[in-house]
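I hope they are handy to have beside you as you look through it.

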Amino acid sequence: MLSAPNPESDDIRKFENLGTRNMAAEMAIGAAVDFHNVIGIKRKEARLRYLKNHWLEKASKLKGAVVCTSMKPQYSCAIGNIGFEGWKANDIEGKLYEKQKIHVTSIILEKINGIRVTPSVYTNMYDLNLLVKGLTDISEQNLQQLENKLKNIGLGICLSLMLVAFVTKNKHEVIFTKLAPTPIGPYSQAIKTDDMLYVSGQIGLNAQGKLDSTSFEVECKQVMENVKAVVEASGLKMSNIVKSTIYTTDLKKFSQINDVYKTYFPNNPPARETVQVSALPKGAHVEISVIAEK
């Protein structure tokens with residue numbers, strides 16, 4: 001139970017004072033050395049590298065995986081390190097232990113944020129496949145979170161970036177009409193290029209900026225009237241619309257939207273998608289943007 005009498009000494013024999021010893025471990029040292037000599041360093045190295053490659057090659061193909069260990073044999077053998085975008089290493093460590101009861105070590109350094117996995121020569125394929133299963137669950141959770149985020153914002157940012165990239169390459173004209181609500185943010189009612197018209201998303205505000213929520217149908221009709229006013233202010237007609245996008249906070253009202261929408265497109269309606277979002281500006285329940293062509 002006693003430590004070395006002079007722990008700061010330069011004498012290497014200070015390490016002989018180990019305190020209480022694990023006799024089972026000490027008695028196994030001889031057998032362990034014999035086993036090591038039997039299998040040899042090369043075979044042991046080959047086994048450990050095979051185990052590392054087995055799980056790391058599969059895990060490296062997962063979405064969001066960041067591999068911090070080289071697969072080149074001259075740079076690594078048994079140990080592998082992997083992280084995932086958006087995850088802290090200690091959170092991955094906790095997740096694997098909670099779900100699969102797998103113990104790994106989190107490593108967080110300057111450019112490394114991942115878990116260290118260290119198999120032994122006795123590690124089997126079942127355990128390694130269980131590890132890959134746990135890492136797959138983490139990767140899929142990442143994808144689900146990203147999908148939900150994109151769904152909640154209605155892909156509006158992506159569409160806005162596409163619009164900006166396009167209009168900067170073309171001569172364009174800003175469209176404005178008093179028959180539709182004034183923009184409530186830094187955007188135009190519509191942008192017209194040589195052949196195309198891009199109408200910003202319209203909600204159910206009237207020309208005075210008031211939202212009439214008497215009924216869902218009334219709100220939908222006001223949205224379509226706003227779209228119509230902007231399109232016609234550009235010199236085009238509703239029949240020139242080739243694409244529309246509908247955002248709604250409740251897809252259960254899909255049929256009610258269609259009942260109003262179809263009255264504005266009696267023949268050859270434009271291409272369209274309908275996306276449910278968590279919220280819309282000014283407490284609106286539906287928003288529609290369109291693209292028209294001369």
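1. Glu273 has a relative accessibility of 30%, so it counts as partly exposed (buried means under 20% relative accessible area, exposed over 50%, and partly exposed in between, with a 1.4 Å probe and protein chains only). Its side chain meets that of Lys243 in a salt bridge, at 2.5 Å from N to O (a side-chain nitrogen of Lys or Arg within 4 Å of a carboxyl oxygen of Asp or Glu). Because Lys243 sits in strand 8 and Glu273 in strand 9, the pair ties together parts that are 30 residues apart in sequence. Lys243, at 25%, is likewise partly exposed.

2. A word on the basis of all this: the model is predicted, with local features needing pLDDT of at least 70 and side-chain atom pairs counting only at pLDDT 80 or more, while totals for chains, interfaces and linings use all residues. Residues are numbered from 1 along each chain as its sequence is written, and side-chain values use heavy atoms, with hydrogens and water left out.

3. How many salt bridges does a search of the whole structure find? There are four. One of them joins Lys133 to Asp137, at 2.9 Å from N to O; these two residues both belong to helix 3 and are four residues apart, about one turn of the helix. Lys133 is partly exposed at 44%, and Asp137 is partly exposed at 30%. In another, Lys262 pairs with Asp259, and the closest N and O atoms are 3.9 Å apart. Here Lys262 is exposed, at 51%, while Asp259 is partly exposed, at 44%.

4. Now to the sheet. Six strands make up an open sheet with mixed pairing, in the order 5-6-7-10-8-9 (strands pair if DSSP finds at least two bridges between them; helices, H or I of at least four residues, and strands, E of at least two, are DSSP runs numbered from the N terminus). Strand 5 (173-175) and strand 9 (271-276) are at the edges with a single partner strand each, so one side of each has no neighbour in the sheet. From one strand to the next, the twist averages 15° (axes are lines fitted to C-alpha atoms, for helices over the stretch in contact, and angles run from 0 to 180 degrees between N-to-C directions).

5. Ile175 has Ala190 as its bridge partner in strand 6. Helix 5 (residues 216-233) lies across strands 5, 6, 7, 8 and 10, at about 25° to strand 10 (contact means heavy atoms within 4.5 Å).

6. The structure has two aromatic pairs (rings of Phe, Tyr and Trp, the last by its six-membered ring, with centres within 6.5 Å; planes under 30 degrees apart count as stacked, over 60 as edge-to-face and the rest as tilted). Phe35 and Tyr122 are stacked, 6.0 Å centre to centre with 15° between the planes. Phe35 is in helix 1 and Tyr122 in the loop between strand 4 and helix 3, so this pair ties together parts 87 residues apart in sequence. Tyr261 and Phe265 form a tilted pair, at 4.9 Å and 40°, and both are buried.

7. Finally, Arg272 lies over the face of Tyr261, 4.7 Å from the ring centre (NZ of Lys or CZ of Arg within 6 Å of the ring centre and within 35 degrees of the ring normal). Lys101 lies over the face of Tyr97, at 5.2 Å.
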